[in-house]
Amino acid sequence: MVVKIRSNLFFLSGLVVLCSGFPWHGARAFPPPEEIPEEILRTEIIVEGRSPLDNKPLSAQDYAQLQQSLRESKFSPTLDEDVRHTIFLLQLLKMFRTVNPL
């Protein structure tokens, strides 16, 4: 009889500990009402931007022009012929190692 009472008390105390740690009602899971939902923030059109160079505010047109000028490189991407040949040989070696890993 004493063992049954102790096991019931143990079960009830475990149940109380588990229930006290979990929010069974959903009120704590919702964000505060003054916060703008992420779905609305994703659909907003950005009409202003900041320069990545000096962080000054830019209009949308100025920002697009700056991004375009940053994308266009002033230097041609040419490599020395020896470097290109070395890269080719390394790629060839990599291909052989995939076929024969020894």
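Helices here are DSSP runs of H or I with at least four residues, strands are E runs of at least two, and both are numbered from the N terminus. With that in hand, alanine 64 is found in helix H3 (residues 60-71). Welcome to a predicted model, in which local features need pLDDT of at least 70, side-chain atom pairs count only at pLDDT 80 or more, and totals for chains, interfaces and linings use all residues. Residues are numbered from 1 along each chain as its sequence is written, and side-chain values use heavy atoms, leaving out hydrogens and water.

**Confidence**
- The protein chain has a mean pLDDT (the predictor's confidence in each residue, from 0 to 100) of 77, with 71% of its residues at 70 or more.
- Helix H1 (residues 2-21) has the lowest confidence, a mean of 61, while helix H4 (residues 81-99) has the highest, at 93.

- Alanine 64 counts as partly exposed because its relative accessibility is 44% (buried is under 20% relative accessible area, exposed over 50%, partly exposed in between, with a 1.4 Å probe and protein chains only).
- Between the C-alpha atoms of alanine 64 and glycine 49 there are 9.2 Å, and the two residues are 15 residues apart along the chain.
- Isoleucine 40 sits in helix H2 (residues 38-43) and, at 46% relative accessibility, is partly exposed too.

**Serine 51**
- Serine 51 belongs to the loop between strand E1 (48-50) and strand E2 (57-59).
- Serine 51 is buried, because its relative accessible area is 7%.
- Leaving aside residues up to four places away in sequence, serine 51 touches Lys56, Leu58 and Leu66 (contact means heavy atoms within 4.5 Å).
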